[in-house]
Amino acid sequence: IMMNVGNPESAFTFGQLPNDGIGLARLEFVINNAIGVHPKALLNYDILDAKTKALIDPKMKGYGSPKEFYIQKIVEGVATLAASVYPKRIIVRLSDFKS
């Protein structure tokens, strides 16, 4: 049985259960759990108001740019999911954000 897992923080716990890999890892769950910022806010960071930037800045601490933060967190999240069931398969569904 392949699992549905979207939260990188719980991946290794689920990975201990008998499984045949991850059959559905929804990228929007990785974004929500590992990034916590809507992609459009990061793409449009330069035009955000100061109050919104103040909410995002602590999350991006240590990253060179909003784009770098987003990319690295996606990489870390998907890699964590994959590592939790290695060498078994993982299927990642790309984001279908409507906005």
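**Helix crossing and packing in a predicted chain**

Biologist: Helices α2 and α5 are roughly perpendicular to each other. At roughly how many degrees do the axes of α2 and α5 cross?

Modeller: This is a predicted model, in which local features need pLDDT of at least 70, side-chain atom pairs count only at pLDDT 80 or more, and totals for chains, interfaces and linings use all residues. Residues are numbered from 1 along each chain as its sequence is written, and side-chain values use heavy atoms, without hydrogens and water. Axes are lines fitted to C-alpha atoms, for helices over the stretch in contact, with angles from 0 to 180 degrees between N-to-C directions; under 35 degrees counts as roughly parallel, over 145 as roughly antiparallel, 65 to 115 as roughly perpendicular and the rest as oblique. The axes of α2 (residues 27-35) and α5 (residues 66-85) come within 9 Å, and their crossing angle is roughly 110 degrees.

Biologist: Is the crossing of α2 and α5 left-handed or right-handed?

Modeller: A crossing is left-handed if the near helix is turned anticlockwise from the far one by less than a right angle, and right-handed if clockwise. For α2 and α5 the crossing is right-handed.

Biologist: Which residues of α2 and α5 make the contact, and how many of them are nonpolar?

Modeller: Contact means heavy atoms within 4.5 Å. From α2 come Leu 27, Val 30, Ile 31, Ala 34 and Ile 35, and from α5 come Phe 69, Tyr 70, Lys 73, Ile 74, Gly 77, Val 78 and Leu 81. Ala, Val, Leu, Ile, Met, Phe, Trp, Tyr, Cys and Pro count as nonpolar, Asp, Glu, Lys and Arg as charged, and the others, Gly among them, as polar. Sorted by class, the contact has one charged residue, one polar residue and, as nonpolar residues, 10.

Biologist: What pattern does the chain follow along the sequence?

Modeller: Helices (H or I, at least four residues) and strands (E, at least two) are DSSP runs, numbered from the N terminus. The chain has five helices and three strands. Read along the sequence, its pattern is β-α-β-α-α-α-α-β.

Biologist: How many aromatic pairs are there, and what are the angle and kind of the pair of Tyr 63 and Phe 69?

Modeller: Rings of Phe, Tyr and Trp (its six-membered ring) pair if their centres lie within 6.5 Å; planes under 30 degrees apart count as stacked, over 60 as edge-to-face and the rest as tilted. A search of the whole structure finds one aromatic pair. Tyr 63 and Phe 69 are 5.3 Å apart, centre to centre, with 70 degrees between the planes, and the pair is edge-to-face.

Biologist: Where is Pro 8, and which residues does it contact beyond its neighbours in sequence?

Modeller: Pro 8 sits in the loop between β1 (3-4) and α1 (11-15). Its relative accessibility is 11%, so it counts as buried. Leaving aside neighbours within four places in sequence, the contacts of Pro 8 are Val 30, Asn 33, Ala 34, Gly 77, Thr 80 and Leu 81.

Biologist: Which strand holds Ile 22, and what does Ile 22 touch?

Modeller: Ile 22 belongs to strand β2 (residues 21-26). Its relative accessibility is 0%, so Ile 22 is buried. Not counting residues up to four places away in sequence, Ile 22 touches Met 2, Met 3, Val 5, Leu 81, Ser 84, Val 85, Arg 89, Ile 90 and Ile 91.

Biologist: How far apart in space are the C-alpha atoms of Met 2 and Asp 20?

Modeller: Met 2 lies in the segment before β1 and is partly exposed at 33% relative accessibility. Among the residues that Met 2 touches are Asp 20, Gly 21 and Arg 89. Met 2 and Asp 20 are 18 residues apart in sequence, and their C-alpha separation is 4.8 Å.

Biologist: What is the C-alpha separation of Gly 15 and Tyr 86?

Modeller: Gly 15 is part of helix α1 and is buried at 15% relative accessibility. Its contacts outside four places in sequence are Met 3, Ser 84 and Val 85. Gly 15 and Tyr 86 are 71 residues apart along the chain, and their C-alpha atoms are separated by 9.0 Å.

Biologist: Which residues does the cis peptide bond join?

Modeller: Omega of this bond is about 10 degrees. Its proline lies in the loop between α5 and β3 (89-93). The joined residues are Tyr 86 and Pro 87.

Terms used: Buried < 20%, exposed > 50% of the residue type's maximum accessible area, 1.4 Å probe, protein only.
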